[in-house]
Amino acid sequence: MSNSLYERDFYAWANEQAALLRAGKLGSADIENIAEEIESMGRSEKRELVNRLAVLLLHLLKWRYQPAFHSTSWRLNIREQRIRLADHLADNPSLKSKVGEAMRDAYRLARVGTARETGLAEDTFPPRCPFKFDQAMGEDFWPD
């Protein structure tokens with residue numbers, strides 16, 4: 001088993017690698033692990049997109065399927081997720097090409113989460129997302 005700095009102390013490894021890169025010492029840098037970490041950061045940004053969309057879709061489903069429970073809290077949560085999603089996409093514009101895939105992944109999570117939170121059967125909700133991304137993000141969109 002290897003006992004490299006990368007495995008023992010990630011923080012120290014990251015600082016060491018940053019210093020090596022800044023000094024132009026690519027030959028001394030841990031290129032393989034640096035590449036892995038960069039790829040991991042990209043995956044993390046996509047996961048953040050899916051997670052934010054899942055929260056938004058969950059609240060939109062609750063809004064549609066439990067109209068008697070509409071509240072300021074739900075409305076503000078929907079607005080907050082829209083803002084956070086817009087900011088995330090502004091920070092990572094290339095993720096816009098992944099919105100369709102992210103919506104599919106997020107809806108699967110939202111459907112289960114909505115069933116859990118509402119007590120309604122999962123099959124109460126359509127198998128495919130009933131909202132388009134632009135709808136879900138629209139400030140004037142409140143599903144009936």
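A residue counts as buried under 20% relative accessible area, as exposed over 50%, and as partly exposed in between. Keep these cut-offs in mind while reading this predicted model.

Start with a pair of charged residues. Arg43 has a relative accessibility of 40%, so Arg43 counts as partly exposed. Its partner is Glu36: the two side chains meet in a salt bridge, 3.1 Å from N to O. Glu36 has a relative accessible area of 33%, so Glu36 is partly exposed. Side chains of opposite charge can pair when their charged atoms come close.

Now look for other such pairs. How many salt bridges does a search of the whole structure find? The search finds eight. One of them joins the side chains of Arg84 and Glu80, at 2.8 Å from N to O. These residues are four apart in helix 4, so about one helical turn separates Arg84 and Glu80. Arg84 is partly exposed because its relative accessibility is 39%. Glu80 is partly exposed because its value is 35%.

Another salt bridge joins Glu117 and Arg116, at 3.8 Å from N to O. Glu117, at 43%, counts as partly exposed. Arg116, at 61%, counts as exposed. Lys62 joins Arg116 and Glu117 in a network of salt bridges.

Next, follow helix 5, which runs through residues 99–118. Helix 5 has 20 residues. From its first C-alpha to its last, helix 5 reaches 26 Å, close to the 28 Å expected at 1.5 Å a residue. Which residues of helix 5 are buried? Val99, Ala102, Met103, Ala106, Tyr107, Ala110, Arg111, Gly113, Thr114, Ala115 and Thr118 are. Their cover includes helix 3 (31–65) and helix 6 (133–137). After helix 5 comes Gly119, whose phi is positive, near 80°.

Now turn to the interior. In soluble globular proteins, nonpolar side chains tend to be buried together. In this model, the largest nonpolar core has 29 residues. Those with the most contacts inside this core are Leu49, Leu53, Leu56, Leu57, Leu60, Phe131 and Phe133. Helix 3, helix 4 (72–91), helix 5 and helix 6 each supply at least two residues of the core. The largest share, ten residues, comes from helix 3.

Take Leu53 as an example. What does Leu53 contact, leaving aside its neighbours within four places in sequence? Its contacts are Leu85, Ala102, Met103, Ala106 and Phe133. Among these, Ala102, Met103 and Ala106 are also buried residues of helix 5.

A loop residue comes next. Gln66 sits in the loop between helix 3 and helix 4. Is Gln66 buried or exposed? Gln66 counts as buried, because its relative accessibility is 13%. Not counting residues up to four places away in sequence, Gln66 touches Leu61, Trp74, Thr118 and Leu120. One of these, Thr118, is a buried residue of helix 5.

Leu21, Leu26 and Ile31 make a nonpolar surface patch of about 270 Å². Leu21 lies in helix 2, which covers residues 10–22. Leu21 has a relative accessible area of 37%, so Leu21 is partly exposed.

Conventions
Residues are numbered from 1 along each chain as its sequence is written. This is a predicted model: local features need pLDDT of at least 70, side-chain atom pairs count only at pLDDT 80 or more; totals for chains, interfaces and linings use all residues. Side-chain values use heavy atoms; hydrogens and water are left out. The expected span of a helix is 1.5 Å times one less than its number of residues. Buried means under 20% relative accessible area, exposed over 50%, partly exposed in between (1.4 Å probe, protein chains only). Contact means heavy atoms within 4.5 Å. A nonpolar core is a set of buried Ala, Val, Leu, Ile, Met, Phe, Trp, Tyr and Cys residues joined through side-chain atoms within 4.5 Å. Patches are made of residues with over 30% relative accessible area and no salt bridge: like charges are joined within 9 Å, nonpolar side chains (Val, Leu, Ile, Met, Phe, Trp, Tyr) within 5 Å. Accessible areas come from the Shrake-Rupley method with a 1.4 Å probe; for residues, only the protein chains shown count as cover. A salt bridge is a side-chain nitrogen of Lys or Arg within 4 Å of a carboxyl oxygen of Asp or Glu.
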